[in-house]
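Subject: Handing over the structure

Hello,

I am passing this structure on to you, and my notes follow below it. Please have it open while you read.

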Amino acid sequence: MEMLKKLQSTVQSTVSSAASSVLGNPVTREFEIRNHVASGGPGCLWKIYNGIKKTTKQEVSVFVCEKRQFERMSRRDRDAVVEAMKRGVTQLTRLRHPRLLTVQHPLEESRDSLAFATEPVFASLANVLGNYENMPTPVPTAIKDHQLYEVEIKYGLLQVTEGLAFLHNDVKMVHGNLTPEVIILNKNGAWKVAGFEFCIPSSNPPDQAAFFPAKDYDENLTPQAQQTLNYHAPEYVLQCSCDTPGDLFSLGMLFYAIFNHGKTIMDCGSSLPTYKRNIEQLGSLRMSVLGSLPDPVRECVKLMLNVEPTVRPDADQMSKIPFFDDVGAMTLQYLDTLLQRDNLQKSQFFKGLPKVMSKLPKRVLLQRVLPCLTQEFVNPDMIPFVLPNVLLIADDCSNEEYTRLVLPQLKPVFKVSEPVQIVIILLQKMDLLLSKTPSQDVKDHVLPMVYRAMESSMQPIQERCLAIIPTFSSMVDFSTMKHSIIPRIKTMCLQTSSLSVRVNCLVCLGKMLESLDKWFVLDELLPMLQEIPSREPAVLMGMLGIYKMTLEHKKLGIPRDVLATKVLPFLLPIVIDNGLNLKQFNAFMAVIKEMVRQVEQEQRTKLEQLQNMQEEQQRSSLAFTHQVQDDAKGTNSMFAGGGGEQQNGGSDSMGSGGKMDKIWSSFGLGGSKPFAKEPVAASMSGSPAAASRTSASSLVDREEPAASLDMSPGRMPNQPAKVNLTLEEKQRLARDQEQQRRLKTQGPIAPKPAKSTSSSPKPRDLSQTLLESKPMVPPSTGTTGMMGSSQGMMGGSTGWGMMGSTTTTSMGMMGMTSTSSGMMGSGPTQGMMGMSSQGMMGMSSQGMMGTPGQGMVGTMSNQGMMGGMTPGTSGFQGQTQGQAKPDLSSLDNLFGPPKQKVPMGQMTQQQQQPMGFGQMGGTNPGGMGGWPPPSHSPSQQQPQKSAQNLSRGDIMDFLG
């Protein structure tokens with residue numbers, strides 16, 4: 001912060017001092033005075049300021065001499081100094097020469113200052129050599145660190161020599177005070193002669209020999225009002241004579257001072273006696289004193305410092321010495337005289353300039369060469385010769401130097417389209433322009449030049465553009481490439497009538513693929529290839545190259561659907577084109593085979609993945625189905641066996657839902673409940689409670705799998721979902737629950753004894769005895785026989801409709817007709833569904849008439865069609881033992897009168913109360929599975945037929 005304040009105060013003080021020094025001076029009306037940069041003139045009395053002309057904004061330098069610095073002088077000295085200052089500016093304003101400082105505004109005087117404006121100035125030679133008198137504080141870094149290169153010294157001294165030659169030969173004037181303070185370096189580094197305060201013009205007319213009157217050196221006058229003795233010729237002081245050789249003596253002293261950092265051979269100040277002693281020593285000047293000077297100029301400097309004027313060379317002779325025969329100095333000299341050359345001479349010079357520029361320092365190129373070159377931009381015919389040299393300088397510049405010095409000169413050139421070589425040269429250096437030019441200037445000046453070149457109707461420009469664009473495509477942003485450059489190349493390719501231009505368009509696009517986006521290539525470039533109207537082999541190979549590069553490039557690539565539907569259908573007809581030779585045909589086929597291979601590989605991979613997914617899904621589904629079926633079978637076996645007994649001889653019982661829980665857990669889900677088959681098993685079991693329970697549970701369990709698979713957020717995987725029941729399901733559930741409660745409260749139904757119609761002595765009714773011993777099953781009314789509608793029992797009316805067939809069988813206790821084989825036998829029988837150890841009605845018929853020591857019926861394992869009833873709920877479980885010879889007379893009244901035997905198919909026509917399952921498994925109105933039995937009024941009961949006694953042979957015949 002302190003540094004900023006210090007800088008601000010310094011700037012303010014500098015500006016204020018400048019404003020105060022020129023305040024009221026008329027020069028301020030036309031020029032804006034800025035900062036103080038240097039000093040110059042005799043004794044460095046002139047302060048040099050940067051300035052700008054208000055009307056044209058042209059850069060200038062303003063020389064200001066403040067009168068207050070003369071306040072301590074006597075009036076005589078002050079007047080002499082002011083008069084000399086005025087005289088010098090007046091003489092300089094009258095003279096016009098490239099080697100003299102150019103005055104742009106004459107001297108203006110005010111009460112406080114003298115001021116005039118010149119061309120832009122860098123500093124005086126005295127400032128560069130280390131004389132900082134009357135300089136700003138601190139000394140500018142550019143001046144303090146400025147080091148003169150050899151080529152600058154050579155050419156600078158040559159410029160001074162040429163300026164003296166102009167004064168001596170053309171103006172007939174002696175400068176009279178040639179010192180480093182009066183040599184001014186302008187902004188471009190050129191050395192200009194100024195300081196004509198003590199010049200002596202010829203007093204003779206122009207047609208006569210020049211005569212220069214001399215004045216004696218006055219020791220009583222202030223040194224600022226007289227010549228500097230250290231650079232003054234001895235004849236001026238000792239002989240009071242003046243001629244042109246006196247300026248050559250001053251030039252010799254200037255040579256010595258430049259190569260000795262501003263020091264001179266004589267250091268006498270303003271003392272005349274000291275000056276005379278030094279002049280005597282010069283008469284015996286040894287070469288060793290001049291040892292710091294270069295060898296080629298050392299002898300010439302010794303001649304110029306000779307005490308005898310006639311021995312000194314003149315200005316013309318000095319300008320031709322070998323010391324100035326330097327390539328760099330001669331090049332700079334030629335550049336300063338370009339305005340005097342014709343276009344042919346200029347073009348030849350500019351062609352050889354790049355070789356010389358490589359030997360010149362960078363500052364010399366920027367300050368001396370570049371301004372001379374850019375002056376030729378006003379001549380369009382010379383731009384193709386000048387522009388390569390300007391771009392060569394720009395290549396060595398920093399970005400700041402390029403933006404400040406080169407780019408402002410190039411902006412007008414970007415708009416020039418004729419001659420065509422200008423555009424071609426700029427396109428060749430496009431990488432340089434894009435790398436150093438600011439982005440906004442690139443959009444405003446550089447790229448519009450490229451667009452105009454691409455839209456040109458001249459074939460050489462088009463081909464050059466197409467050859468150069470790929471070299472800088474990576475430096476252009478993708479948006480510009482997509483919306484400005486590529487569309488113009490496509491238009492050029494489709495509309496041109498030149499084969500070479502079209503082929504170059506394809507080659508250009510192929511080289512630019514790496515800097516483009518994949519989808520842009522697929523959507524814009526590849527479809528464009530199919531729109532090209534010509535089919536020359538060169539064009540076809542260009543298109544093939546784009547396809548091949550796109551296919552093989554890692555960043556790009558062509559999808560299989562594009563290859564199969566667009567690319568291959570386009571390339572295959574081209575293969576049979578008659579214009580292709582064998583090599584071109586092989587190239588096409590190689591690319592096509594690679595495309596086909598890629599399509600095959602990608603499609604096969606896709607299909608294999610899909611097939612694996614489908615097989616995995618099928619295996620998972622099949623495994624799940626098998627697990628569910630196995631679990632359902634295990635559940636049915638558990639229900640059918642009742643308690644600890646299982647089918648097939650009592651296999652291990654399964655815990656409640658344990659197996660199914662393991663299945664669901666293997667899928668990462670919770671436990672599940674068995675479903676789907678429990679209602680059927682319960683309905684066939686003949687148990688009203690089971691039927692009611694399974695009916696109710698089926699409504700809930702029916703949707704349980706879906707609920708268990710619900711993996712919605714906020715819910716555990718094994719937590720069942722809430723089941724939404726419809727109104728009808730809820731009503732059915734309520735009815736089932738009500739029926740279940742009613743059945744629980746209802747007592748067992750006692751069978752009514754059948755009325756005998758026979759008058760004969762009533763035989764003992766063994767069936768009644770069995771019923772009375774354990775009455776478990778209620779009788780069925782309206783049927784023949786003792787037992788009514790009972791599933792899986794002995795007797796009764798059974799209506800089987802499973803699997804779509806209905807069989808109605810009317811049978812008595814021992815007189816049933818059945819399709820089951822061996823129902824009353826001693827071996828295992830096969831039921832309707834083929835279950836082992838099950839009769840058609842679900843009983844194990846062991847020894848109905850069987851083994852000695854057992855009763856009539858024996859022990860029945862009452863298992864229904866699908867799993868059935870628990871022990872002790874249906875069938876006869878009583879056993880009669882100890883009867884060696886059973887009395888079967890009681891069975892006589894169980895059968896009617898002897899009838900003719902009929903087949904089983906005809907027995908289905910007899911009417912019998914149907915069981916609980918209809919044809920497709922529906923329930924009859926009698927209840928769930930035939931239980932409870934339908935209630936009948938006595939009026940609805942049919943009269944029973946009287947029992948008829950059968951012989952033992954009839955019974956045996958019936959039983960088979």
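**Salt bridges across the chain**

At 17% relative accessibility, E401 counts as buried, because the cut-off for that word is under 20% relative accessible area. Please keep in mind that this is a predicted model.

The partner of E401 is K362: their side chains meet in a salt bridge, at 2.9 Å from N to O. K362 belongs to helix α13 and E401 to helix α15 (residues 399–414), so this pair ties together parts that are 39 residues apart in sequence.

D336 forms a salt bridge with R368, and their closest N and O atoms are 2.7 Å apart. R368 counts as buried at 5% relative accessibility, while D336 is partly exposed at 26%. Both residues also belong to a network of salt bridges that links R99, E162, D336 and R368.

How many salt bridges does the structure hold? The count is 28. One more that I would point out is K187 with E59, where the closest N and O atoms are 2.7 Å apart. K187 is in the loop between β8 and β9, E59 is in strand β3, and the two are 128 residues apart. K187 is partly exposed, with a relative accessible area of 44%, and E59 is partly exposed too, at 35%.

**The sheet of five strands**

Strand β3 brings us to an open sheet of 5 strands, in the order β1-β2-β3-β5-β4 with antiparallel pairing. β1 (31–40) and β4 (103–109) are at the edges with a single partner strand each, so one side of each has no neighbour in the sheet. From one strand to the next, the twist averages 25 degrees.

If you start from β1, you will find it paired with β2 (residues 46–53) over 7 antiparallel bridges. F31 has K53 of β2 as its bridge partner, and I33 has G51. The two strands form a hairpin with 5 residues between them, and G41 in the turn has a positive phi of about 85 degrees.

On to the next pair: β2 and β3 are joined in the antiparallel sense over 6 bridges, with V62 in β3 as the bridge partner of Y49. These strands form a hairpin as well, with 5 residues between them and a positive phi of about 60 degrees at K57 in the turn. β2 is mostly covered, as 6 of its 8 residues are buried. Helix α2 (residues 75–94) lies across β2, β3 (59–66), β4 and β5 (113–118), and runs at about 155 degrees to β4.

**The sheet of three strands**

Another open sheet has 3 strands in the order β6-β8-β9, again with antiparallel pairing. Its edge strands, β6 (121–124) and β9 (191–193), each pair on one side only. The twist here averages 35 degrees from one strand to the next. β6 and β8 (residues 183–186) are joined by 3 bridges, and S124 stands opposite I184 in β8. Helix α5 (residues 150–171) lies across β8 and β9, at about 25 degrees to β9.

**A surface patch**

Finally, have a look at L607, L610 and M613, which form a nonpolar patch on the surface with about 280 Å² of accessible area together. L610 lies in helix α25 (residues 582–641) and is partly exposed, with a relative accessible area of 38%.

Best wishes

Conventions: Residues numbered from 1 in each chain as written. Predicted model: local features only at pLDDT ≥ 70, side-chain atom pairs only at ≥ 80, totals over all residues. Heavy atoms only, no water. Pairing = 2+ DSSP bridges. Helix = DSSP H or I, 4+ residues; strand = E, 2+ residues; numbered from the N terminus. Axes fitted to C-alpha atoms, helices over the stretch in contact; angles between N-to-C directions. Contact = heavy atoms within 4.5 Å. Patch = residues over 30% accessible without salt bridge, like charges linked within 9 Å, V, L, I, M, F, W, Y side chains within 5 Å. Areas by Shrake-Rupley, 256 points an atom, 1.4 Å probe, with all protein chains shown as cover. Salt bridge = Lys/Arg side-chain N within 4 Å of Asp/Glu carboxyl O. Buried < 20%, exposed > 50% of the residue type's maximum accessible area, 1.4 Å probe, protein only.
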